[in-house]
Amino acid sequence: MNRIKKAVDLLNELNADALLLFNESNMHYFCGFSPSEGAVFILKNGVGHHIVDSRYTETAEVHSKETGLRVTEINGGFSEKIHELCVQNGVERIAFEDETISLKLYNRYKAATGCDFVGASKALMNIRNIKEPEELEFMKKANAIAEKSLAELLNFIKAGKSEKELKAYFEYLMLQNGSDGASFDTILLTGAHTSYPHGVPDDRIIKNGDFVLIDFGATYMGYHSDMTRTFAVGSATQEMKEAYDLVLKAQLAGIAALAPNVKCADVYKAAYDVLEERQMGKYFRHSLGHGLGLDIHEGFTASPKSADTFVEGVVTSIEPGIYIPDKFGIRIEDVLAVTENGSENISEFDKDLIIL
């Protein structure tokens, strides 16, 4: 099924005449790249338009050979062109990105078109949440780039290096190995700083006996990878080793629970219960995982509050952690694709505790 056909099915579901997109990731899904400005406008009759300014005309035309969108370079404003297309095609009801569009933009297009607008963000994410084989291959390529870079970085993680120094070098390695850019600002923390789940690297210096936690991702063709590994430098105490083994056991339990028709909350619980057996659940301070693809966070979240149920084709992280203030933190994260009977782990990097 091509993606324009998916959009038409969405319009039929919402009883709308056209789909209007501005969000970079949503546009990318239909036009093949991420323009910083522009619009994708897909009509119920199956004709799709990619409206661009002169900065993106050539790029859009290259991608249109595969996407089937008609490229239009504007001379005036984007809203005027959308209004023109609405008049030409009898559009009265537009499906739009109700979760990401600004109020200012919404008001502009509502006034320009005079159409009714119906929210489509949830329906769009339901489409994007189930990955096509090509999308999964792009994510595997991004992961391979990230893992190769991590293997090279391990030669440089040692006492005396700073968090910021290693973060900068690691992101350079990912670019050198083929990444289009980091999926997000790399989290590279050491010592007691590892107890901050999303700490920001600073000038702290690695010492022997520290944990080093690195949460990172590469991008390829717009698609993201995500992984977290925790290493020890020089040595690790028995307490550190036992805590690490517990987090790994929790992660493996979460992975084992991941399958189609399993509630996201139940996958979370599978990992949480392992931690709670040792009264460590209180130190697990975030969801177990999140969907990813064109965005680093998209689709389902494996949390106790989630009402979603995993389906085949979803790609999600599984990343339990414990964070003990003023002591240390540990997180182990893989990315998995939900398959017909379980899941496929696309993260291959060793998860046994490595002492550098």
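User: What makes Ser25, Asn26, Tyr29 and Phe30 in H2 count as meeting H6?

Analyst: Contact means heavy atoms within 4.5 Å, and by that rule these four residues meet Leu124, Ile127 and Arg128 in H6. This is a predicted model, where local features need pLDDT of at least 70, side-chain atom pairs count only at pLDDT 80 or more, and totals for chains, interfaces and linings use all residues. Residues are numbered from 1 along each chain as its sequence is written, and side-chain values use heavy atoms, with hydrogens and water left out.

User: Why is H2 called oblique to H6?

Analyst: H2 (residues 24-31) and H6 pack at about 55°, with their axes 12 Å apart. Under 35 degrees would be roughly parallel, over 145 roughly antiparallel and 65 to 115 roughly perpendicular, with the rest oblique. So H2 is oblique to H6. The axes are lines fitted to C-alpha atoms over the stretch in contact, with angles from 0 to 180 degrees between N-to-C directions. Both helices are DSSP runs (H or I, at least four residues).

User: What about H7 and H8, which pack at an angle of about 135°?

Analyst: Their axes are 9 Å apart, and that angle makes H7 oblique to H8 too. H7 passes H8 in a right-handed crossing, while the crossing of H2 and H6 is left-handed. Left-handed means the near helix is turned anticlockwise from the far one by less than a right angle; clockwise gives right-handed.

User: How do the residues of the contact of H7 with H8 divide?

Analyst: Nine are nonpolar, one polar and one charged. Ala, Val, Leu, Ile, Met, Phe, Trp, Tyr, Cys and Pro count as nonpolar, Asp, Glu, Lys and Arg as charged, and the others, Gly among them, as polar. Among the residues in this contact are Ile145, Ser149 and Glu152 of H7 and Phe170 of H8.

User: How do you know that Glu132 forms a salt bridge with Arg3?

Analyst: The rule wants a side-chain nitrogen of Lys or Arg within 4 Å of a carboxyl oxygen of Asp or Glu. Here the closest N and O atoms are 2.9 Å apart, so the pair qualifies. Glu132 sits in the loop between H6 and H7 and Arg3 in H1, so the pair ties together parts 129 residues apart in sequence. The count comes to 24 salt bridges.

User: What makes S17 and S18 a pair?

Analyst: Pairing takes at least two bridges found by DSSP, and three bridges join antiparallel S17 (residues 334-338) and S18. Leu336 stands opposite Asn345 in S18.

Notes
Helices (H or I, at least four residues) and strands (E, at least two) are DSSP runs, numbered from the N terminus.
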